[in-house]
Amino acid sequence: MKTFAIPTREQVTPENQAIFDTLTKVVGRVPNLFAVFATSDHALANYITLSNGKTSLRAKEKEAVNLIVSQVNDCAYCSAAHTAIAKMNGFTDDQILEIRGGSASFDPKIDALVKVAKSITENKGHADHQVVENFYAAGYTQANLIDVVVAVGDKTITNYVYALTQVPVDWPAIPEVK
């Protein structure tokens, strides 16, 4: 397979250079996966618009979805990135490992969310009906379910880009899920 080079700021369009500058201000650097998106003149901006879009999910809930989807899709890059982000959102190391394992016994509502996101991802949208009913019983709405689907799609995009590019993971190493 052809190797993807990680483009530098000077190698991307002026529009992507501006995004690189913003990422550097916010994150302190341009993460490798985002830099690879800039191989396309439009993909980085399109992805950031999707990722930063409004949602009914709280930041912590969105990170729970990101963790389980990345785990199901076997994405080392996104699992590492979202482990770091999940810690910033208040999850402990043990909670992160549990979410990546497919449950969240520490919070029944997050547990229902993780299970529905896992089922959606594993079954290509055809989530187990009982898992969806449990999601509603935990207090989520139909609007929340649609936002979960968007979050699954968002994360699947980055998971697939990593799978195709295998860019070096530039986030702290994480433990394997047992």
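This is a predicted model: local features need pLDDT of at least 70, side-chain atom pairs count only at pLDDT 80 or more; totals for chains, interfaces and linings use all residues.
**Exercise 1. Describe the second largest pocket and find which element gives the most to its lining.**

Solution. 
Step 1. The second largest pocket holds about 210 Å³ of space.
Step 2. Its lining has 14 residues, with Ala76, Ser79, Arg100, Ile174 and Glu176 nearest the centre. Helix 4 and helix 5 are the elements that give two or more residues.
Step 3. Helix 5 gives the most, with three residues.
Step 4. The classes are eight nonpolar, three polar and three charged.

**Exercise 2. How many salt bridges does a search of the whole structure find? Work through the pairs Arg9 and Asp21, Asp93 and Lys87, and Glu122 and Lys118.**

Solution. 
Step 1. The search finds seven salt bridges. The cut-off is a side-chain nitrogen of Lys or Arg within 4 Å of a carboxyl oxygen of Asp or Glu.
Step 2. Arg9 and Asp21 form a salt bridge with an N to O distance of 2.7 Å. This pair links distant parts of the chain, since Arg9 is in the segment before helix 1 (14–27) and Asp21 is in helix 1, twelve residues apart.
Step 3. Lys87 and Asp93 also form a salt bridge, with their closest N and O atoms 3.0 Å apart.
Step 4. For Glu122 and Lys118 the N to O distance is 3.8 Å. Both residues belong to helix 7 (residues 108–122), four residues apart, or about one turn of the helix.

**Exercise 3. Are Glu122 and Lys118 buried, partly exposed or exposed?**

Solution. 
Step 1. Buried means under 20% relative accessible area and exposed means over 50%.
Step 2. Glu122 has 45%, so Glu122 is partly exposed.
Step 3. Lys118 has 25%, so Lys118 is partly exposed.

**Exercise 4. What does the UniProt record annotate over residues 50–118, and what is the helix content there?**

Solution. 
Step 1. The unreviewed UniProt entry annotates residues 50–118 as "domain: Carboxymuconolactone decarboxylase-like".
Step 2. Over residues 50–118 the chain is 70% helix and 0% strand. The end C-alpha atoms are 20 Å apart.

Notes: Residues are numbered from 1 along each chain as its sequence is written. Side-chain values use heavy atoms; hydrogens and water are left out. Buried means under 20% relative accessible area, exposed over 50%, partly exposed in between (1.4 Å probe, protein chains only). UniProt positions are given in the numbering used here, feature names are shortened, and annotations may be inferred rather than shown by experiment. On a 1 Å grid over the protein atoms alone, a cavity is a set of points where a 1.4 Å probe fits but cannot get out, and a pocket is an open set with protein on both sides within 12 Å along at least five of seven lines; lining residues have an atom within 4 Å of a point. Grid points are joined across faces, edges and corners, and a volume is the space filled by probe spheres set on the points. Ala, Val, Leu, Ile, Met, Phe, Trp, Tyr, Cys and Pro count as nonpolar, Asp, Glu, Lys and Arg as charged, and the others, Gly among them, as polar.
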